[in-house]
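Dear colleague,

I am passing on the structure that you will find just below, and after it I set out what was found in it. Please read the notes with the model open beside you.

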2 protein chains.
Amino acid sequence: MRRREVRRPTIDDVARKAGVGKATVSAVLNGRSRHARISADTARRVMEAARELEYRPNQLARMLVRRKADILAVVFQRGYFFLSWSSFTAEVMRGVSSAAVELGYDLMLHTRDVTDRGEADVLTDGRIDGALLLRDAGDPLVPELLERGFPFVRFFSKGELPDEPFVDADNVGGGRLATAHLLDLGHRRIAFIRGSDGSTASNDRLAGYLCELESRGVEPDPRLVFPILSPQDVPERLPDLMRRPDRPTALFVWSDDVALACIPVLLDMGLRVPADVSIVGFDSLEVCNRSVPPLTSVRQPVFDMAREATRLLGRLIDGEEPAERRILFPLQLDVRGSTAPCPARTNPSLS
Amino acid sequence: MRRREVRRPTIDDVARKAGVGKATVSAVLNGRSRHARISADTARRVMEAARELEYRPNQLARMLVRRKADILAVVFQRGYFFLSWSSFTAEVMRGVSSAAVELGYDLMLHTRDVTDRGEADVLTDGRIDGALLLRDAGDPLVPELLERGFPFVRFFSKGELPDEPFVDADNVGGGRLATAHLLDLGHRRIAFIRGSDGSTASNDRLAGYLCELESRGVEPDPRLVFPILSPQDVPERLPDLMRRPDRPTALFVWSDDVALACIPVLLDMGLRVPADVSIVGFDSLEVCNRSVPPLTSVRQPVFDMAREATRLLGRLIDGEEPAERRILFPLQLDVRGSTAPCPARTNPSLS
DNA sequence: CCGATTTGCAGAAACGTTTCAGCAAAACCG
DNA sequence: CGGTTTTGCTGAAACGTTTCTGCAAATCGG
């Protein structure tokens, strides 16, 4: 596919052909001319020349001089992006791209394996106007970007630093909601399947779970807080929890993707859902309706949150001082088919 | 987050600080100096100055003058990317990014809603060195790019034009493999669930299915070729096929994602898998092992194919004339638990 | 020790755009 | 009609790199 060495026409070619200066061409093509007022006749000539030459401005040159790339980066936890892509991630990307289209941005995914130090460099090297960050708590990238004054918004995790813009859900409240639902159904041995240590979302949900248990006078059992980080790990890990003699009668799982992976594994162990074990997920993605049984889940407006985060980033890039740079979305519970009253006989803690 | 207006240090600043010309700085930092030979002492001074100033070259300027962006685009069928992201897509991206890292490329996803005409313009505007295309048959973008001499590789679809580089699997062979397996199990009423009309992959698998049926003397029934384009559509569409009195005893489904979505729906209809209905998927992704029952599927080396396509693209960008610019991967069948011998009594076409 | 070669570096051009400052000509005002 | 403002456009500077050309100084060969 030898690259055809026909030089693409430049703005000079258009200017020459139309018999005007290139400043005029630029003004005509960009419309927004503060200084230059263009006569209708000249504009027509320029347009015609551009059309005939099939002129398309070189975006790199534009970006360089305008100091604006019209590109946003989406930065996930290192390695996360392609390792454990999930329905959740897809929904995030849908929300981001929906807003990006409206604001006129393209999206970039950084895949190069860079050191922590290098990561901030890569983001601030001019090719990108701002970044959406889905990163763990205590990430060194965040203070680095903040210090450099590079526009970013953290989403689906809580901002930790003063002045750090973020969009998150009320995960503590969500944790309470799910736990309260299971308690109301009579469950007492409720396990919380948590995610990564660094995930503020998972940690907040855990906090809500503990808080609700205590406020209802149920003693939390630390052995019922059980980490499963990804759907892949479920077949191997979950049986460890469920084969205990005092196994839980309900699972509150930090993510829909993990919760959905639990169902076939439980079935395989001879445990029916929800007759023997109730499950509550988190996010309430569309797939929750398609599982058998449909998954009860705390609804997080993932699409809207991603959208809002992107718009906030847009405002920050434009140099606006948004009234609210820390946005918290409320949560609510979608009760579906995966939760049922606690089966009295199989619960050793009841008698 | 007012953008700190500290000007980033440029190559001039480094040159001044080190007391050398900027050509020297460039030579030192890039190493590969054909013309310039640098003394060890000068190199040290430059490095030191760069470190002290925390100098990071502006990539835009580099890209402009080098006429190289070190960025690859991944271009899916319009709208596909975020609408129906799936395990398959994730695997594709894993393969692409794996090769991209090795070759030193970043990845870009185009999300802006552009017209067909505009799409080629966006790709060739200088921000990107080459593109990986996952597009339907007869896509107007392809001849456009070919004519402009822009480097691209089509993957997971068959190249149609002369000289068009592509990486695909032997889908006809795969279709025969799956169909033969079901025929061997005694099935005669085998449905083929096909994807989009434009998908060469789905069409080739259909061709293989028809070919194998005929070569075994089984009359193909056109009513058993049934389109379901995405997992979301399964609950609504599949019952139409399976409620017929002469319903098929086996499904050969064009994609794992759709095949996996069929299992709960069939269960819901009271049909056991594989006792009542056998299912064969396509791709044999890792998730096939995690379903209940595990999904029999034609294995397509998605990761390797994506990787190979990316490497081919790399060579095309470098202006090499690769020996083979049309790569076809062979397929094989992974028999798992979702296929079983045909149940004689429930198949009206047998007697 | 003299011419030829190599070494080490600097200045300037180039990449293709946007934007700033300027400048004639035309239009306007009293 | 003389001065001010507006109109319509142009040339040059700027963006921050890489790379080409050139040129002294150092080294080498005999």
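I begin with the surface near DNA strand C, where α1 (11–18), α2 (22–30) and α4 (59–66) of chain A, together with α2 (22–30) and α4 of chain B, each supply at least two residues; here helices (H or I, at least four residues) and strands (E, at least two) are DSSP runs, numbered from the N terminus. Please keep in mind that this is a predicted model, in which local features need pLDDT of at least 70 and side-chain atom pairs count only at pLDDT 80 or more, while totals for chains, interfaces and linings use all residues. Residues are numbered from 1 along each chain as its sequence is written, chains are lettered from A and ligands numbered from 1 in the order in which they are written, and side-chain values use heavy atoms, with hydrogens and water left out.

Of the 29 residues around DNA strand C, the ones that come nearest are Ile11(A), Ser26(A), Gly21(B), Thr42(B) and Arg67(B), a residue being near a molecule or strand if one of its heavy atoms lies within 4 Å of it. Of the atoms of DNA strand C that come within 4 Å of the protein, 69% belong to sugar and phosphate. The residues of this surface divide into 11 nonpolar, 11 polar and 7 charged, where Ala, Val, Leu, Ile, Met, Phe, Trp, Tyr, Cys and Pro count as nonpolar, Asp, Glu, Lys and Arg as charged, and the others, Gly among them, as polar.

A polar side-chain atom of Lys22(A) lies 3.0 Å from a base oxygen, a polar side-chain atom of Ser26(A) lies 2.7 Å from a phosphate oxygen, and a polar backbone atom of Gly19(B) is 3.4 Å from a phosphate oxygen.

Around DNA strand D there are 29 residues, the closest being Gly21(A), Thr24(A), Thr42(A), Ile11(B) and Ser26(B). Sugar and phosphate make up 65% of the atoms of DNA strand D that come within 4 Å of the protein. The elements that give two or more residues to the surface near DNA strand D are α2 and α4 of chain A together with α1 (11–18), α2 and α4 of chain B. That surface divides into 11 nonpolar, 11 polar and 7 charged residues.

**Where the two protein chains meet**

How many residues does each chain bring to the contact? Chain B gives 59 residues and chain A gives 60 residues, contact meaning heavy atoms within 4.5 Å. Between them the two chains bury about 5500 Å², 58% of it on carbon and sulfur atoms; buried area is the accessible area (1.4 Å probe) that two parts lose on being put together, summed over both.

Between chain B and chain A the count is 4 salt bridges, a salt bridge being a side-chain nitrogen of Lys or Arg within 4 Å of a carboxyl oxygen of Asp or Glu. In one of these, the side chains of Asp106(A) and Arg127(B) meet at 3.2 Å, N to O. On the side of chain B that touches chain A, two or more residues each come from α4 (59–66), α6 (87–103), β2 (106–109), α7 (116–123) and α8 (141–148) of chain B. The residues of that side divide into 26 nonpolar, 10 polar and 23 charged.

Strand β2 (residues 106–109) of chain A pairs with β2(B) in the antiparallel sense over 3 bridges, two strands being counted as paired if DSSP finds at least two bridges between them. Within this pairing, Leu107(A) has Leu109(B) as its bridge partner.

**Local features**

The structure holds 69 salt bridges over all chains. In chain A, Arg44(A) forms one with Glu48(A), the closest N and O atoms being 3.9 Å apart. Because they are 4 residues apart in helix α3 (residues 40–53) of chain A, Arg44(A) and Glu48(A) are separated by about one helical turn.

The peptide bond from Val273(A) to Pro274(A) is cis, with omega near 5°, and Pro274(A) is found in the loop between α12 (256–268) and β9 (278–283) of chain A. In chain B, the bond from Val273(B) to Pro274(B) is cis, with omega near 5°.

With kind regards

Note on methods:
A polar contact is a pair of N or O atoms within 3.5 Å; within protein, one must be able to donate a hydrogen and the other to accept it, and residues adjacent in sequence count only if both atoms are side-chain atoms.
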